[in-house]
Amino acid sequence: MESMQSTKLNDMQLFMIKLFDRQLTDEQQIEIKKILSDYFARLVDEEIDQLWEERAMTQKDLDDALKTNRRTPYS
């Protein structure tokens, strides 16, 4: 039998639990999910922009990457 390990919640997780310690409507849940999704999408965009600048990438680099087949070949 696998041993069960407890995971301690961090401060942000505890904050979120307390924040949402009430019933939300379906519309509120959808809006909150969209807000969080938008937030993390913005972080990804910022990181991609930073990598683009650091590596001095060009449109050609992006076009070449889109044409590259990086899938694992299966036999």
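**Charges and rings along the helices**

Asp45 has its place in helix α2, helices being DSSP runs (H or I) of at least four residues, numbered from the N terminus. The model is a predicted one, in which local features need pLDDT of at least 70, side-chain atom pairs count only at pLDDT 80 or more, and totals for chains, interfaces and linings use all residues. Residues are numbered from 1 along each chain as its sequence is written, and side-chain values use heavy atoms, with hydrogens and water left out.

With a relative accessibility of 47%, Asp45 is partly exposed; this label covers the range between buried (under 20% relative accessible area) and exposed (over 50%), with a 1.4 Å probe and protein chains only. Gln28 sits 17 residues away from Asp45 in sequence and 25 Å away in space, C-alpha to C-alpha.

Now for the charge pairs. Side chains of opposite charge can pair when their charged atoms come close. The structure contains 3 salt bridges, each a side-chain nitrogen of Lys or Arg within 4 Å of a carboxyl oxygen of Asp or Glu. In one of them, Lys34 meets Asp38 with the closest N and O atoms 2.8 Å apart. These two residues, Lys34 and Asp38, are 4 residues apart in helix α2, so about one helical turn separates them. Another joins Lys60 to Asp64, both in helix α3 (residues 59–67). Here Lys60 is exposed, at 55%, while Asp64 is partly exposed, at 34%.

The whole structure has 1 aromatic pair. Ring centres of Tyr39 and Phe40 are 5.0 Å apart and their planes meet at 75 degrees, so the pair is edge-to-face (centres within 6.5 Å; planes under 30 degrees apart are stacked, over 60 edge-to-face, the rest tilted).

Definitions and conventions:
Phe/Tyr/Trp six-rings, centres within 6.5 Å; stacked < 30°, edge-to-face > 60°.
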